[in-house]
Each structure stands twice: as structure tokens, then as C-alpha cells.
Amino acid sequence: MTPPASGKPRIAVHKFSSCDGCQLAFLDLGEDLVRLSQMVDIVHFAEAGPVDPEAAVDIAFVEGSIATPDEEARIQRVRANAGTLVTIGACATSGGIQALRNLHDGTQWLADVYPSPAYVESLATSTGIAEHVKVDLELWGCPVNGRQVLAAVRALLWGVPPLPQRDKVCMDCKRDGHVCVLVSQGQPCLGPVTVTGCGALCPAFGRDCYGCYGPAENAHPDALGRRLEGLGLLREDVARRFRFIHSNRGAVGEAGQRWSDEGGEP
Amino acid sequence: MSEGRQVAINVPVLARVEGEGALEVAAEGGRITDLRLRIYEPPRLFERFLVGRAWHEVPDAVARICGICPVAYQMSAVQALEAAFGVDPGDWVAAMRRVFYCGEWLQSHALHIHLLAAPDFFGYASALEMAGGYPEEVRRGMRLQALGNEIMALFGGRAVHPVGARVGGFHRAPAARDVADLHGRLEAALPEAADLVRWCAAIDLPDSSQDFPSVALRGADYPMNRGRIAATNGLDLHPSEWETCFRETQVPHSTAFHATLDGEPYLVGPLARLNLNADNLPAETASLLGETGLALPSGNPFHGMLARALEIHAALVEAVRILGDYREPDCPYAEVTPTAGVGYGATEAPRGILWHRYATDASGIITDSRIVPPTAQNQARIEDDLRRTLEARGLDAPDDELRRLGEQVIRNYDPCISCATHFLDLTLERG
């Protein structure tokens with residue numbers, strides 16, 4: 001997009017079904033948040049104060065998944081009002097952890113939790129934004145961090161397509177000199193099939209990656225699954241591992257289906 | 001509350017936090033006939049999908065319930081599972097969990113005071129606007145918020161959904177040199193936290209005196225990770241006994257359950273903690289409290305912001321004290337062997353008691369879970385407060401003023417729908 005000739009670019013931050021954690025990528029910016037508010041007009045960002053959900057904007061950031069009939073309708077209006085639509089975080093890109101209900105009978109689950117499910121407006125599934133409208137840029141991560149959102153804002157304001165992150169977590173581990181927790185400790189690390197962007201946090205803490213930044217390009221989850229079986233995991237353990245934060249989108253979540261009871265041999 | 005429309009429940013509740021709220025008030029002849037704080041945050045069914053997951057996955061899963069207080073969810077969960085498995089993680093883990101929690105209180109309270117609540121008291125629509133008139137105050141708040149985030153990152157790599165907590169302790173102990181570096185900066189921030197308390201104490205607050213039970217943990221120290229459940233009406237329970245006195249009911253206008261104590265609304269959160277635990281504040285914070293002249297117990301919910309500022313100071317004092325004696329342990333966690341069992345956990349999230357119960361099978365697979373978040377507990381109290389405060393103001397006041405007052409009342413509780421209370425629709429039907 002091109003910054004308008006007169007006036008500052010207008011941005012909005014919209015919330016759908018989520019934990020609000022990705023909005024903190026903005027709210028935790030401190031001094032940079034003040035600076036950002038001077039560079040652009042933040043016309044809608046309910047948690048920070050400005051409320052104008054129907055305003056036309058240059059960039060709309062969307063947090064959260066589509067989980068209610070109202071959200072299905074609202075995302076269409078957000079799309080119509082936005083020059084560029086950017087999803088932030090796991091919920092908006094893949095449906096998030098709450099998409100685990102898609103693997104089951106979501107309506108029955110609602111009845112298990114609420115004595116009067118009829119009072120609660122909810123879809124049986126939780127889905128990412130791209131299943132509903134065209135998305136221009138996706139920032140993966142559960143949560144996304146301030147560096148990701150600021151880099152995206154900068155790039156979009158200058159009309160440069162942001163550089164997508166493509167490396168696997170393993171590459172970051174090698175660069176940062178972390179000891180491989182899979183090889184050295186036999187932990188069921190998802191680093192080989194997960195895109196980085198987190199900074200290989202889990203291996204840096206001596207533990208296995210659980211895939212919160214989403215599936216990497218050209219991932220081979222079945223090969224990793226066989227390796228995890230070699231470590232002593234049962235098939236259902238492997239399936240559960242593959243279906244956690246991003247069960248609803250990408251090669252790893254799909255492999256979870258093959259490794260689960262109902263899936264047959266991978 | 002809308003009597004007659006409540007439904008008694010005996011199934012697990014869903015922990016649903018933040019989201020969009022609306023306020024609907026109907027009044028006739030100067031009296032409120034119907035008032036609803038509507039919470040329509042879509043359910044995410046955590047309690048349901050935890051069933052069938054392994055015990056060691058729970059801390060990473062429940063963090064996702066709340067981006068602002070993931071540590072609280074992790075701490076109640078690990079405590080409950082350790083109780084189920086009979087694991088004692090020891091003194092080092094207990095002390096470090098307290099520091100970890102201090103980080104979240106600092107972050108969450110500073111965010112609430114500066115980005116959500118304070119603009120109300122100074123006539124601004126947002127903190128970003130307020131930064132024009134009060135640049136130093138807003139920046140001081142952001143610095144305290146950032147220090148809280150740094151503490152969480154020290155133990156968990158990042159402040160939102162940190163990765164360091166596990167059942168039994170921590171995956172990694174912080175390096176002594178990183179602790180020493182942060183310790184120095186925390187100590188240097190103590191005067192700023194004291195100034196924040198004085199600033200909050202100087203804000204001219206509406207008078208309000210309401211009668212309600214305060215409920216908080218109470219133990220040997222100002223409560224975060226441990227304590228029995230206490231109330232200003234004399235209640236004293238072990239966390240495993242929570243279900244004997246507290247009930248949750250579903251109301252048609254909210255996807256969060258309403259909780260009551262012996263059938264009545266009650267308060268949890270910073271003011272409730274202070275009402276019950278002022279004698280356990282660190283000495284420096286207690287002396288600041290004396291300076292402010294705040295009389296406790298307080299029945300004025302507008303004192304919530306000052307209580308939060310005092311807790312920021314207390315959290316900083318505690319983090320400085322504990323990290324001052326830091327030593328790296330041989331192992332930062334206790335080994336865990338899962339067994340079939342039931343465990344309960346209660347800790348003080350920034351917004352109040354967060355109660356968890358898990359049942360597991362012999363291999364540690366979760367067979368049942370129940371999570372009661374603080375915002376659900378405060379909901380009935382918020383509605384009660386709104387009814388009293390709006391009637392006391394007079395319902396013939398202009399809609400705009402009533403809307404602002406209603407929003408301000410709701411924000412006193414720092415509900416996890418704070419984000420959405422900026423989004424408040426006030427519908428006032430005058431009969």
C-alpha cells in the first residue's frame with residue numbers, strides 16, 4: 001500500500017476469539033507505542049482506547065479466530081474497510097488452540113460446559129481468518145512479538161512486502177549454539193517441523209518446542225513422528241503433539257490426523 | 001441479577017477471559033428495574049479440550065486462556081497437578097514462583113492503571129492521549145510494565161505465554177549474572193513505584209461505601225502462590241473445599257458464569273487482598289500505605305486503583321528481596337511421577353483468586369478439569385456496584401455521564417473484559 005498523500009496512514013486493531021495476548025505485542029511496546037501513535041492514526045484499538053470498528057483504514061490488524069455467527073459477519077466488514085489486512089497470531093492464522101474442538105463435536109462440547117447452551121452464541125468450529133476473507137499478510141506465532149508487528153508496520157508503510165520467516169526452529173538452534181534437546185535428551189521436539197520467529201525459546205530453556213509458531217515450509221512431520229515413536233512415544237502421543245496450537249491448518253496438524261486412532265498408517 | 005433465570009450447574013465451567021462487554025440498564029421511576037453486564041466473549045472450551053491431554057501439556061495450554069495473566073494460569077495449574085501427584089517442588093521453586101508472579105502483577109497492574117483506568121480520572125480517552133498531558137506519569141507506568149515483562153522473560157523466555165514453567169518447577173534456572181543485572185534495575189525502580197503510589201493516592205476519587213465480602217488467599221505472606229481461602233465474613237477454607245461454599249450459575253446474558261458465596265456477590269482482586277492482608281505487606285509498602293491514609297477495610301471500589309499501585313510496590317519489594325539472595329539450584333524442578341488423583345490449585349491472579357481442579361488417570365491423562373477465573377467471580381459484584389452507583393448518581397443524569405460512570409465502575413474491577421469495556425454500549429430505557 002502507499003501512504004496517503006495527505007494525512008497519516010490509518011490503522012486498526014480488531015479482536016475476535018482470542019486471549020488478547022497478541023494485542024500485547026502493541027501494548028507492551030512502551031515508548032515505541034507512543035511513537036507509533038504519532039506516525040499513524042490508530043482509529044480503532046478497543047483495548048488501547050480508540051473505538052471506531054467500522055472505520056475505513058489503510059492497515060487492519062486482526063487478532064483471534066472466527067468462532068461465532070457475529071464474527072463471521074464482522075470479518076467481512078473489516079475486510080471491506082481495510083486496504084491491507086494482516087492477521088496476528090495463531091488464532092487468526094489457523095484457528096488457534098480453540099480449534100481443537102473442530103476435531104470433535106463442537107456443539108456437544110458446548111453442552112458439556114454450559115447447562116443452557118442455547119444462551120451461548122457459538123459456531124461448532126474455530127477457524128482462521130483466511131478461511132473467510134482474503135488476507136494480505138499473516139504473522140504467525142502464539143503470541144506474535146513486538147518485533148514482528150513493528151517490522152510489518154514499517155514495511156507496509158514503505159510499500160515493501162515484508163520478508164516472510166522461512167527457517168525452521170532447528171536453524172535458530174544451530175546459529176545460537178543450543179544443544180539439540182531431541183538428539184541429546186530424547187525430548188519430543190517439534191523444532192524440525194516448526195517455523196522460527198520465536199528465537200528458539202524452548203530449546204534455549206532446555207525443553208522441546210511445541211510448535212507455537214506454526215508449521216514450517218516443506219515440513220516432514222511423518223518422518224519426525226517415526227523418530228518420536230523411536231523415543232518411546234505412543235502413536236496417540238505423537239498425534240497429540242501434532243495437534244496442539246495449530247491443529248487446524250498446515251502439514252503438521254494434518255499429520256496429526258494420520259497418527260491418531262482414526263487415521264490409519266502414516 | 002435476574003432472579004429466576006439462573007440455572008444451577010454441576011458441570012465444569014469454562015474459563016473465559018477478556019472480550020467484549022455491554023451494559024444494559026432499564027429503569028423506571030428513578031429505580032433500576034433491570035441491569036446486565038453482558039459478556040459475549042465466545043467460549044473457547046478450554047476445560048473440555050484439556051480432557052484427554054497429558055499432565056505435562058497443561059501449563060502450556062492454560063497459558064492461552066489469558067494473554068495478560070498467563071503466569072497465573074500456569075501457577076494454579078502446576079499447583080493443582082502437584083497436589084494430585086503428591087509432589088513437593090521445594091523452597092527454591094516456591095521462592096522463584098513468587099518472583100515470577102511478581103513480574104505478572106507488575107506488568108498487569110501497570111498496564112491496567114496506565115493504559116486502561118487512569119485516563120478516566122484525567123478526562124482522556126486513552127493513555128496515548130494522556131501521554132500528551134502527563135508524559136512522565138505515562139512513561140513511568142510503561143517502564144514498570146516493561147520491568148514486569150522482564151521478570152517473566154527471565155523465567156519463561158517471553159512475557160506472553162512464557163515457556164519456562166513445568167509441573168514440578170522450572171525448565172531452566174536463570175543464570176546468576178542475568179539475575180544480578182535485573183536485580184539492580186528492579187531496585188532502582190523502587191522510588192518510581194513509591195511515586196506511583198503517591199500519585200494514585202492524590203487522585204480525587206468518588207466517594208462510595210458498599211457492603212460486600214472480600215475474598216482472598218491468606219497465609220504467611222502477602223498472598224500470591226499460597227494460602228487458605230479467607231473472607232471478611234470469617235470464611236476460612238482449604239482450596240480443596242472451594243466448591244462447598246461457592247457456587248457458579250449461568251445467566252442468559254453472559255458467557256462467563258456468575259459466582260456467589262453463600263448466595264451473595266463478593267469481591268476478589270487487589271482491594272479484596274488488601275482488605276484481608278494489609279498486615280502481611282512488606283514493611284516498606286506498609287509504611288507507604290500509612291502515608292496514603294487509606295482506611296482498611298475499604299468498601300469503596302474506586303480504591304482498587306490505589307490497591308493496585310500498592311501491590312506494584314509490594315511486588316517490586318518482594319522481587320528485589322528474593323532475587324537479592326539468588327543462587328542457582330542443582331536442578332530447577334522436582335521429578336514428577338503421575339498417578340491417578342484429584343488436585344486443587346488456588347493462586348492470586350492480578351485480578352483475584354484463580355481456582356483450578358484437575359482429575360487424572362494413572363498415566364497422568366486429564367480426565368476432568370474445572371477452572372474458575374476471577375472475572376467470573378466479580379461479575380455479580382460488578383452488577384451490584386453498578387446498580388448502587390448509578391442509582392446514587394440519579395438516573396435523570398445525561399446518558400453520556402451515566403455511560404462514563406458505568407464504564408469507570410466496571411474498570412475498577414479490571415475485568416479481563418477491560419479491553420471491551422471501552423467498547424461499552426449503554427442502553428438506558430427510561431420507563
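The model is a predicted one.

Let's start with the interface. Chain B puts 52 residues into the contact, and chain A puts in 46 residues. On the chain B side, the elements that supply two or more residues are helix 1 (46–50), helix 2 (58–63), helix 4 (90–122), helix 5 (127–133), helix 6 (135–156) and helix 14 (418–421). Helix 6 of chain B gives the most to this side, with four residues. Sorted by class, the side of chain B that touches chain A comes out at 32 nonpolar, eleven polar and nine charged residues.

Pro143(A) sits in the loop that runs between strand 5 (137–139) and helix 6 (146–157) of chain A. The loop between helix 10 (283–292) and helix 11 (304–324) of chain B holds Pro297(B).

Positive phi values also show up outside glycine. Asn218(A) has phi near 50 degrees and belongs to the loop between helix 9 (201–204) and helix 10 (221–230) of chain A. Asn218(A) counts as exposed because it has 9 C-beta neighbours inside 10 Å. Over in chain B, Asp262(B) has a positive phi of about 50 degrees, in the loop between strand 10 (258–261) and helix 9 (270–277). Asp262(B) has 12 C-beta neighbours inside 10 Å, so it counts as exposed, the cut-off being 12 or fewer.

Terms used. Residues numbered from 1 in each chain as written. Chains lettered and ligands numbered in written order. Predicted model: local features only at pLDDT ≥ 70, side-chain atom pairs only at ≥ 80, totals over all residues. Contact = placed C-beta atoms within 7 Å. Nonpolar A, V, L, I, M, F, W, Y, C, P; charged D, E, K, R; others polar. Buried ≥ 20, exposed ≤ 12 C-beta atoms within 10 Å, placed from the backbone.
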